Amino acid sequence: MAKRDFALGKENFIILGAAVILIIIGFILMSGGSSPDGVSFNPEIFNTRRIVLAPLVTVAGFALVVVGILRNSKDKEISE
């Protein structure tokens, strides 16, 4: 059976999967805070979870995507 030659190794795909999960968690943390009738103002949109924690988690996920792409995998050998 022929070995598939992927640009990224198994470790890179695991890191990318964790990054996608972090990004999804960040967007879930940002959700909510709507007004009950659709017209009135709800100050819940400005709580710490939505304006501090969720963007930090999301940016950490995007940074982990970059790490997952740029990291050299140990199971890939360099052929010249």
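**Salt bridges and a nonpolar surface patch**

A salt bridge (a side-chain nitrogen of Lys or Arg within 4 Å of a carboxyl oxygen of Asp or Glu) joins E11 to R71, with the closest N and O atoms 2.4 Å apart. E11 belongs to helix α1 (residues 10-30) and R71 to the segment after α2 (48-70), so the pair ties together parts that are 60 residues apart in sequence. Helices are DSSP runs of H or I with at least four residues, numbered from the N terminus. The structure is a predicted model, in which local features need pLDDT of at least 70 and side-chain atom pairs count only at pLDDT 80 or more, while totals for chains, interfaces and linings use all residues. Residues are numbered from 1 along each chain as its sequence is written, and side-chain values use heavy atoms, with hydrogens and water left out.

Relative accessible area was classed as buried (under 20%), exposed (over 50%) or partly exposed (in between), with a 1.4 Å probe and protein chains only. E11 is partly exposed at 27%, and R71 is partly exposed at 37%.

The salt bridges number two. E44 pairs with R50 in a salt bridge whose closest N and O atoms are 3.9 Å apart.

F41, I45, F46, I51, V52 and L56 make a nonpolar surface patch of about 620 Å². Such patches consist of residues with over 30% relative accessible area and no salt bridge, nonpolar side chains (Val, Leu, Ile, Met, Phe, Trp, Tyr) being joined within 5 Å. V52 lies in helix α2 and is partly exposed, with a relative accessible area of 40%.

Methods:
Helix = DSSP H or I, 4+ residues; strand = E, 2+ residues; numbered from the N terminus. Patch = residues over 30% accessible without salt bridge, like charges linked within 9 Å, V, L, I, M, F, W, Y side chains within 5 Å. Areas by Shrake-Rupley, 256 points an atom, 1.4 Å probe, with all protein chains shown as cover.
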